[in-house]
Amino acid sequence: PLGGALVVNNWLEEFREGFEDPEGTAEELVTFNNAVDAIATYENSQVFVDTPWKAFVEGDDNAINPAAQVGAQLFFNSVADGGANCASCHSGDFFTDEGFHVIGMPQIGRGKGNGPNGNDDFGRFRETGEDADMYAFRTPSLLNTSATGPWGHAGGYTTLEAVVRHHLNPQVALDNYDFSQLAPNIQAVDMVENTQKAIDVLEANRLAGISSIENVTLSDTQVAQLVEFLMALTDPCVEDRACLAKWIPDASDTNPDSMRLNGVDENGNYL
């Protein structure tokens, strides 16, 4: 059975309770399929979509502040209508078209072994081999985005403002990239060279009519309003330890094999 070689193994009682079979044997309950089902059920239960924006859409006019309301207009409106056209890719209830796009996000870290120095990441091209997919990455959902930084496929930005400004003009963003935002142990060798290649592909795709992503000029106030809107896409539960308690093992919870890793703060208190 799964986990049979563990020094401490009290999983049978856990499976008996979880699968509502108090007389079940280890051979019957502690199986790979049951473990997969249990993990899947745990993951599927983590649906954090009760955002201020959802409440606003459902009729609560006070759910988001006035700045976020203006930010929503910028987000959803086309450039021709004075917006930033964000929803052309970040669409639907989950704010993603699930597509792959080239936007030239900073390539930091070790990469995926691509490029002449092996520290680049060719993105979707690695899977398809299609030239149009070079440096294309999946559009991420924006739900809970304020709680899921750093941002970008390689975590190149540490603020939502910087992410917004990158989308407005990737070349200007690269030219003015603030390396001080990175921890000293983050590899940034060839970052400018690798990212410039991605931006060059973006420009080529624009000229070829492959990409509809365009540069946008917004004021500092409008950028701040867009950020306010993005903040309104976060379910408060994901930033509330008490609300998340049922998904996070506590000191008092069972530890069936004594191998659980517990997150603690700098004072040794459970997170």
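Buried means under 20% relative accessible area, exposed over 50%, and partly exposed in between, with a 1.4 Å probe and protein chains only. Select Glu20 first: at 73% relative accessibility, Glu20 counts as exposed. Glu20 is found in the loop between H1 and helix H2 (26–29). Its phi is near 50 degrees, a positive value in a residue other than glycine. Most residues other than glycine have a negative phi, and most peptide bonds are trans.

Some notes on the model come next. This is a predicted model, in which local features need pLDDT of at least 70 and side-chain atom pairs count only at pLDDT 80 or more, while totals for chains, interfaces and linings use all residues. Residues are numbered from 1 along each chain as its sequence is written, and side-chain values use heavy atoms, with hydrogens and water left out.

**The whole chain**

Show the protein as a cartoon. The secondary structure comes to 10 helices and two strands; helices (H or I, at least four residues) and strands (E, at least two) are DSSP runs, numbered from the N terminus. From the N terminus on, the order of elements is α-α-α-α-α-β-α-β-α-α-α-α. The C-alpha atoms fill a box of roughly 65 × 55 × 40 Å, taken along the principal axes. Of the 271 residues, 33% count as buried.

**The largest pocket**

Select Trp11, Glu14, Ala38, Tyr42 and Pro256, which lie nearest the centre of the largest pocket among its 26 lining residues. On a 1 Å grid over the protein atoms alone, a pocket is an open set of points where a 1.4 Å probe fits, with protein on both sides within 12 Å along at least five of seven lines; lining residues have an atom within 4 Å of a point. The volume of this pocket is about 1,000 Å³, where a volume is the space filled by probe spheres set on the points, and grid points are joined across faces, edges and corners.

Now colour helix H1 (11–18) and helix H3 (32–44), the elements that give two or more residues to the lining of the largest pocket. H1 gives the most, with five residues. By class, the lining has 16 nonpolar, four polar and six charged residues. Here Ala, Val, Leu, Ile, Met, Phe, Trp, Tyr, Cys and Pro count as nonpolar, Asp, Glu, Lys and Arg as charged, and the others, Gly among them, as polar.

**The second largest pocket**

Move to His90, Ile103, Met105, Val163 and His167, which lie nearest the centre of the second largest pocket. This pocket has a volume of about 810 Å³ and is lined by 41 residues. The lining divides into 23 nonpolar, 14 polar and four charged residues.

Stay on H7 and select Leu160, Ala162, Val163, Val164, His166 and Leu168, its buried residues. They pack against helix H8 (170–175) and H10.

**Where H5 meets H10**

Select helix H5 (residues 66–76) together with H10. The two pack at an angle of about 95 degrees, with their axes 7 Å apart. Axes are lines fitted to C-alpha atoms, for helices over the stretch in contact, and angles run from 0 to 180 degrees between N-to-C directions. H5 and H10 are therefore roughly perpendicular to each other, a label for angles of 65 to 115 degrees. Among the residues that meet are Ala67, Val70 and Phe75 in H5, and Gln222, Leu226 and Phe229 in H10; contact means heavy atoms within 4.5 Å.

At Met231, also in H10, the relative accessibility is 44%, so Met231 counts as partly exposed. Met231 touches Ser146 and Leu160, not counting residues up to four places away in sequence.

Go to the loop between E2 and H7, the place of Asn144. Is Asn144 buried or exposed? Asn144 is buried, with a relative accessible area of 11%. Pro150 lies in the loop between E2 and H7 as well, and a cis peptide bond joins Gly149 and Pro150, with omega about 0 degrees.

Last, select Asn194 in helix H9 (residues 191–207). At 4% relative accessibility, Asn194 counts as buried. Leaving aside its neighbours within four places in sequence, Asn194 is in contact with Gln107, Asn119, Asp120 and Tyr135.

Notes
Angles under 35 degrees count as roughly parallel, over 145 as roughly antiparallel, 65 to 115 as roughly perpendicular and the rest as oblique.
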